Amino acid sequence: MKLLVAVVQDQDAGTLMNRLIERGFGATKLASTGGFLREGNTTLLVGVDDSRVQAALDCIREVCHHRRQSIPAGSAQARGLGGLLARGGVVEVGAATVFVLAVDRFERV
């Protein structure tokens with residue numbers, strides 16, 4: 001068994017949860033905050049049998065895509081990035097970061 005820890009953008013979370021449930025995966029949704037732009041995102045915990053890991057990853061790929069986001073000059077996001085985007089700019093965000101962890105034991109109590 002594996003535990004997928006998927007960090008996704010908030011705007012993808014609802015669609016991804018629905019897609020996972022449609023395909024028979026259980027998931028737990030946690031609110032989280034990203035460090036780069038300091039925006040809210042969602043972390044999903046998905047427990048899957050080893051044989052279904054690829055199917056779960058495919059589901060995540062279908063829903064979560066890269067996007068380009070404008071960062072206005074002087075915004076809290078730009079200030080939070082130090083001098084990196086002091087004049088604002090466009091950054092690529094989105095998709096998903098997924099950690100696949102081995103699970104030695106799982107119990108539902």
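Against which elements do the buried residues of H2 pack? In this predicted model, the buried residues of H2 pack against S1, H1, S3 and S6. The legends below present the fold, the sheet, the helices and the salt bridges in turn.

**Figure 1. Overview of the predicted protein chain, which contains three helices and six strands.** Along the sequence, these elements follow the pattern β-α-β-β-α-β-α-β-β. Of the 109 residues in the protein chain, 33% are buried. Among contacts with a separation of 6 or more, 69% are made by residues 24 or more positions apart. The accessible surface of the chain is about 6800 Å², and carbon and sulfur atoms contribute 51% of that area.

**Figure 2. Close-up of the open sheet, in which four strands are arranged in the order S2-S3-S1-S6.** The pairing in this sheet is antiparallel. Strand S2 (28–33) and strand S6 (96–102) stand at the edges; each has a single partner strand, so one side of each lacks a neighbour in the sheet. From one strand to the next, the twist averages 20°. Strand S1 (residues 2–9) pairs with strand S3 (residues 40–48) in the antiparallel sense, over eight bridges. Within this region, Leu4 stands opposite Val46 in S3.

**Figure 3. Close-up of helix H1 (residues 10–22), which packs on the sheet.** Helix H1 touches S1, S2 and S3. The direction of H1 makes about 20° with that of S3.

Figure 4. The residues Val53, Ala56, Leu57, Cys59, Ile60 and Val63 of H2 are buried. Viewed down the axis of H2, these buried residues fall within an arc of 155°, and they therefore line one face of the helix. The partners of that buried set are S1, H1, S3 and S6.

**Figure 5. Close-up of the salt bridge between the side chains of Arg67 and Asp12.** The N to O distance in this pair is 2.5 Å. Arg67 is partly exposed, at a relative accessible area of 24%, whereas Asp12 is buried, at 4%. The assignments differ because residues under 20% relative accessible area count as buried.

**Figure 6. Close-up of the salt bridge between the side chains of Asp58 and Arg61.** The N to O distance is 3.7 Å. Both residues belong to helix H2 and are three residues apart, about one turn of the helix. An α-helix has 3.6 residues a turn, so residues three or four places apart point the same way. Asp58 is partly exposed, with a relative accessible area of 33%, and Arg61 is exposed, with a value of 53%.

**Figure 7. Close-up of the salt bridge between the side chains of Arg105 and Glu107.** The N to O distance is 2.1 Å. Arg105 is exposed, with a relative accessible area of 66%, while Glu107 counts as partly exposed at 47%.

**Figure 8. Close-up of a salt-bridge network that joins Arg19, Arg23 and Glu62.** The salt bridges in this network share partners. A search of the whole structure finds six salt bridges.

Note on methods:
Residues numbered from 1 in each chain as written. Predicted model: local features only at pLDDT ≥ 70, side-chain atom pairs only at ≥ 80, totals over all residues. Heavy atoms only, no water. Helix = DSSP H or I, 4+ residues; strand = E, 2+ residues; numbered from the N terminus. Buried < 20%, exposed > 50% of the residue type's maximum accessible area, 1.4 Å probe, protein only. Contact = heavy atoms within 4.5 Å. Areas by Shrake-Rupley, 256 points an atom, 1.4 Å probe, with all protein chains shown as cover. Pairing = 2+ DSSP bridges. Axes fitted to C-alpha atoms, helices over the stretch in contact; angles between N-to-C directions. Arc of directions from axis to C-beta. Salt bridge = Lys/Arg side-chain N within 4 Å of Asp/Glu carboxyl O.
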